[in-house]
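Then we'll walk through a few of its features.

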Amino acid sequence: MHKYFQVFKLSLISEFAYRFNFILWRFRNVIQILVVFFFWNSVFSGQNEAVFGYNREKILTYVFGILVLRSIVLSSRAVDVAGEISSGNLTNFLIKPLGYFRYWFTRDVASKVLNLGFSVLEIALLYFLIKPPIYVQSDFLTIVGFLISLSIAVVLFFLVLFLVNSVSFWMPENAWAAQFLFIVIILEFFSGGIFPLDVLPSSLVSLFSYLPFYYLLFFPLQVYLGKVSYILMFKGIFISLLWLLILWFCLSKVWKMGVREYSAEGR
Amino acid sequence: MERVILIDKLVKEFVVNTKEPGFFAGIRSVFRPKKKRVLALDNISFSVDEGELVGFIGPNGAGKTTTLKILSGLLYPTSGLVQVLGFDPWEKNHKYLKNISLVMGQKNQLWWDLPAVETFELNRAIYEIPNRDYKRSLDELVSLLEVGGLLNVPVRRLSLGQRMRLELVASLLHRPRVLFLDEPTIGLDVLGQTKIREFLVDYNRRSGATMILTSHNMDDILNVVKRVIVINKGRLVFDGPFHLLVESFARKKVVKIYLSDSADIKKFEQYGKVVKVDFPEVVISVPRETVALTSAEILQNFPVADINIEEEPLEEVIKKVFKGGKVKDA
């Protein structure tokens, strides 16, 4: 059996070893969806005009969409990498004939598959319960563009996360702070996880569109909602691919330096 | 005999940030960290032949673990030559990594929440072990280490001793040609230590693997290895057969006398240092060269029920090695 397939299998099994944890985490997700749904639903109730280009249907799709995208793009096991470095557990991987990035990417994918499976179930359930108005994209090229930008987003997030985690090589005791700052604040804000970015002044939005975070959640969703033209879609895919290459280059440099710094200590 | 490990003039220097105690010093260290250079290995040279089982001893912080980490490619040497199986370990060539294993008594590779057999399966995939070899290795290791009943128990529920034996299985499934063991018996009870020790000797004989074992448990060294390398403060202090280490540093023998009647204890002082008096037992430490003469005289002049001549306790010898530090090649 191929080694990374075995890693994939083992990741799934170990996620199930924490069955209760996982169920609670999914439960939290459902509650979160409900809260956000009822909030925006009441904001738009009674008026049917668009606010910042969003009417009730589109804002609800945006909110739902972000939640689904979040479980695909942002669900990750690679958040543990910082801990692996500072605890010295990284040693176990460095002495084995195994690609560390490939290992963690596989574990990420396993986690995403599991999360995606569950979120599809939940959303189907919620859909029948509260019957929200959801915008369904039907244009073939747009759907293809959406899937491409989604795949890029997955890899981009992996790279950003790994770069942030690499801080542990130099500051093993401060890694969580870097992670918190980047992932919880910067990333959530600039990726449109907190609110649709285009409610901001357009000059600011176009500035953001040159940052990698923009392509994690906001851009794929904009593509899905049909809010960008084909030209802008291709431009976005091009910029995000460029970021992908830049970050990949940085990560491989930083990682090499980090492993050299690593003294395999701990416990 | 093929030379498997070659280390020549190896130096490893660490740069560490130091922190002084106190709140303000803590703040200062954030902005202007004080760097300090620490010499962990100072010009170490030795080589190991195929199939050898070498004991690597020294006090805490001597540089034992650092050497093993360099040999397994985890640390980058500051200068000097390191070659194992013809590879430079730092390059982490997969062909190299497939032929070595590093077992650390204080670190585990088994997945905590899963049964050990799952980690074994993962290692089978990682090391690309053919099915038949895998089954054979697993059966052999499981019966040698007596862990048959533990394979399907989640690792978190195992005792330290059980876990350590399973760690060994996980590290040996791919039949490494070179094995680095860092304190494999640390924290285990006497029975657990004995099991691991017996296994290591047996495995070395069966597989012909080259093994380096660090420990500060003297029983590990006494019962397992023939050759020892002693390092202290990053320097190589001794490299040679174990009995030579004892002979060159144990200058004295311990004479234990059991008296049959009371005697003037003070008179023993003329022969050597009186270590312990607990009637009827008297223990004196006597220079190696005069031990035969001394015991004859004691037998003549005292009411002796029994007399015993022993080597100095190993710990004492080792203490002298660390303190005295004369370099001797054998």
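Which residues make the nonpolar surface patch of about 560 Å²? Phe140(A), Leu141(A), Val144(A), Ile148(A), Tyr230(A) and Phe234(A) do. Before going on, note that this is a predicted model, where local features need pLDDT of at least 70 and side-chain atom pairs count only at pLDDT 80 or more, while totals for chains, interfaces and linings use all residues. Residues are numbered from 1 along each chain as its sequence is written, and side-chain values use heavy atoms, with hydrogens and water left out.

Back to the patch: α7(A) gives the most to it, with four residues. Leu141(A) sits in that helix, and it counts as partly exposed because its relative accessibility is 37% (buried is under 20% relative accessible area, exposed over 50%, partly exposed in between, with a 1.4 Å probe and protein chains only).

Now hop over to chain B. Helix α2(B), residues 64-71, is mostly covered, with seven of its eight residues buried; Leu68(B) and Ile70(B) are among them. After α2(B) comes Gly73(B), with a positive phi near 85 degrees.

Chain B also has an open antiparallel sheet of four strands, in the order β11-β12-β10-β13. Here are its edge strands, each pairing on one side only:

| Edge strand | Residues |
|---|---|
| β11(B) | 273-278 |
| β13(B) | 304-311 |

From one strand to the next, the twist averages 20 degrees. Five bridges join β11(B) to β12(B) (two strands pair if DSSP finds at least two bridges between them), and Asp278(B) stands opposite Glu281(B).

Technical notes
Chains are lettered from A and ligands numbered from 1 in the order in which they are written. Patches are made of residues with over 30% relative accessible area and no salt bridge: like charges are joined within 9 Å, nonpolar side chains (Val, Leu, Ile, Met, Phe, Trp, Tyr) within 5 Å. Accessible areas come from the Shrake-Rupley method with a 1.4 Å probe; for residues, only the protein chains shown count as cover. A salt bridge is a side-chain nitrogen of Lys or Arg within 4 Å of a carboxyl oxygen of Asp or Glu. Helices (H or I, at least four residues) and strands (E, at least two) are DSSP runs, numbered from the N terminus. Axes are lines fitted to C-alpha atoms, for helices over the stretch in contact, and angles run from 0 to 180 degrees between N-to-C directions.
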